[in-house]
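Visitor: I'm new to this structure and would like to learn how to read its features. Could you walk me through a few of them?

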Amino acid sequence: DVESSSSSSSSSSSSVMAQTQNVAPKKTRLFFKPPKEILKPTLTAIQEFKMIQNGDKVLVCLSGGKDSLSLLQFMRHYQFFVRSFGVNFELGAITVDPQTPDSFDPSPLIGYLQTLQIPYFFESQCIMERAKGSDEISSICSYCARMKRGIIYSTARREGYNVLAMGQHLDDLCESFLMSTFHNGMMRTMKAHYTNKEGDLRIIRPFVYTRERDLAAFAKKSKLPVIAENCPACFEAPTERKRMKLLLAQQEILFPKIFYSLRSAQPAS
């Protein structure tokens, strides 16, 4: 009986092991189809502003935030979608690391982009150290933004990319519009699609019609590897953009369509 029980147990164990060996390991999902709340307005913007053309090489500016990571996911989806319409474009991504490891460390993105198998350029330069070491710089944020832009432009040229894709969304554009109107008396905001002054790079913002809350929900549901950014130069005091964000949030309670009204506002005839 003991031998029979032992034999039965051994047979059962072997059977379980065989079943386990035959089960294929579950693949980790890398790409996610954005929901219609993102797809519809983004496709509309791309078509309306003629953002992407056949033969383009598009470089996604990847900060590691929810918006840029969502943009990378969308662009990958769009890349396959438009092939059936005869539009083929290449896709890559770039991150600029200003070397502030205590507040912002985008290095985990390197491994993430390797798994996605998307060409990736991780440019690390001591921007913050240079800014702090100069007495001529009045705004570290402005200096950092200019330096990052220069690095992105030079990398795009070096690697042969002709389009830069940025992740600003409708909320960003509305906030910029109010800031420009309030402080400069000029009714303007960030452009959806334009060519740089040298004429060799086009800059696109596919999310200009997309709400921030929809991108946040998508990034959370898809568990995108969002990198927290807590730069002391940017967050030690409430910024003007933060005040505009709060103002719009308050007004949206009273006027639920305020963002879409600002998006479609026209000068009086």
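Visitor: What should the 13 residues of α2 span at 1.5 Å a residue?

Guide: First, some background: this is a predicted model, where local features need pLDDT of at least 70, side-chain atom pairs count only at pLDDT 80 or more, and totals for chains, interfaces and linings use all residues. Residues are numbered from 1 along each chain as its sequence is written, and side-chain values use heavy atoms, leaving out hydrogens and water. Helices (H or I, at least four residues) and strands (E, at least two) are DSSP runs, numbered from the N terminus. The expected span of a helix is 1.5 Å times one less than its number of residues. For α2 that gives 18 Å, and its end C-alpha atoms are 18 Å apart, which agrees. Just after α2, K50 takes a positive phi of about 50°.

Visitor: Which residues of α2 are buried, and what do they pack against?

Guide: Buried means under 20% relative accessible area, exposed over 50%, and partly exposed in between (1.4 Å probe, protein chains only). In α2 the buried residues are I38, L39, P41, T42, A45 and I46. They pack against α3 and α8, where contact means heavy atoms within 4.5 Å.

Visitor: How far apart are the end C-alpha atoms of helix α3, and what covers its buried residues?

Guide: Helix α3 (residues 66-81) has 16 residues and should span 22 Å; the end C-alpha atoms are 22 Å apart, in agreement. Its buried residues include L69, L71, L72, F74, M75 and Y78. Among the elements covering the buried residues of α3 are α2 (36-48), β1 (57-61), β2 (90-97) and α8 (212-222).

Visitor: How many aromatic pairs does the count come to?

Guide: Rings of Phe, Tyr and Trp (its six-membered ring) pair if their centres lie within 6.5 Å; planes under 30 degrees apart count as stacked, over 60 as edge-to-face and the rest as tilted. The count comes to 8 aromatic pairs. In one of them, the rings of F74 and Y78 have centres 5.8 Å apart and planes at 15°, so the pair is stacked. F74 and Y78 are 4 residues apart in helix α3, so about one helical turn separates them. Both are buried.
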